[in-house]
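User: Please examine the following model and answer some questions about its residues and its sheet.

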Amino acid sequence: MLLQENHPSAMTEPLIRAEGITKRFGDILAVDGVDLELYPGEVLGIVGESGSGKSTLLNILSGALPPSSGELFYRGRDGTVRDFFKIRERERRFLLGSDIGFVHQDPAAGLRLKVSAGANVAERLLSGGLRRYGEARLRASEWFSKVELPLDRLDSRPEEYSGGMRQRLQIARNLVTGPRLVYMDEPTGGLDVSVQARVLDLVRSLSSEFNLAVILVTHDLGVARLLTERLLVMKNGRVIERGLTDQVLDDPGEPYTQLLVSSVLGGA
C-alpha cells in the first residue's frame, strides 16, 4: 500500500496508482521500479536532469510506451479500478481521446499543422463520439476564447501560428473533451520568457477551473514551484525524493536534490 504523503485530498481515492513501473532498453534501465499516486484535481511534478527517466516514465503512464514491468491502476468515471496496461486497445484509445490528454513540449507533436486550428480542436470531439461538426466547431470557438486565441484565426493552420499560440492551441485540443487527467511534458520548453509566463498562467487557471489532475514533467524548478502541489525527484530512473513541493524545494533531503536546487539559485 502506497503512502499518501500527507496529501490534502487524503480522504479521496487516487485517480491513478502506479506500482513498480520499470522500463529497460536492452541493458539500460531507464525507469526503475517507480511507484506514485495521483489524486483528482492534483498537479504532481516530476523533476530531474536530462536522462533521469522522467519523460520515459511519462510516456509509459500515458500509454505511449509499454513498460517492461509494473502496473498502472486507473479509476474510471464509474469508480471501477482497472490496470490501464491490460484494458483492450480500443478502450485505451478511447480514454486517450476523451478522458486523458497529453501536452507535448513541441506542439507539432500534438497538432496536425496543415489542418485548420479549429479542426484540430473539433476533431478530438468528433473522435470522442460527437457527430455534429457544427457543434464541434462552436465548442472549438469557445475554447479559442478560453486559451486567448483570436477567433479570426480559427481557420488558419497551426503552421502559421507562433510557438506560444501553437502551445495554447494544443492545450485547447486536449481540454475540449473535458478530460480528468492531463500529462504535460515540458509544456513551456523553448518558449520566450514572456510567452512562457502566459502559458503557465493559463495552465494554472484551467487546472483549477476544471479540477484537472495533471502530471507535469519539467527540468525547471520555478515552473514546478508555480504549478505543482507535490514533487517527485528522479535520478537514474529512480524516484529518490518525494513530498510537498515547497518542502522538497525549500528543505531538500537528498544531496542530489540539494544540488538541483542550489544550481538554480546559483544561476539566479
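User: Is Ala-119 buried or exposed?
Analyst: This is a predicted model, in which local features need pLDDT of at least 70, side-chain atom pairs count only at pLDDT 80 or more, and totals for chains, interfaces and linings use all residues. Residues are numbered from 1 along each chain as its sequence is written, and side-chain values use heavy atoms, with hydrogens and water left out. Buried means under 20% relative accessible area, exposed over 50% and partly exposed in between, with a 1.4 Å probe and protein chains only. The relative accessibility of Ala-119 is 16%, so Ala-119 is buried.

User: How are the rings of Phe-102 and Tyr-183 arranged?
Analyst: Rings of Phe, Tyr and Trp (its six-membered ring) pair if their centres lie within 6.5 Å; planes under 30 degrees apart are stacked, over 60 edge-to-face, and the rest tilted. Both Phe-102 and Tyr-183 are buried. Their ring centres are 6.4 Å apart and their planes stand at 40 degrees, so the pair is tilted.

User: In the open sheet S6-S7-S8-S3-S9-S10, what is the pairing?
Analyst: Two strands pair if DSSP finds at least two bridges between them. Strands S9 and S10 run antiparallel and are joined by six bridges. Across the six strands of the sheet, the pairing is mixed.

How values were computed:
Helix = DSSP H or I, 4+ residues; strand = E, 2+ residues; numbered from the N terminus.
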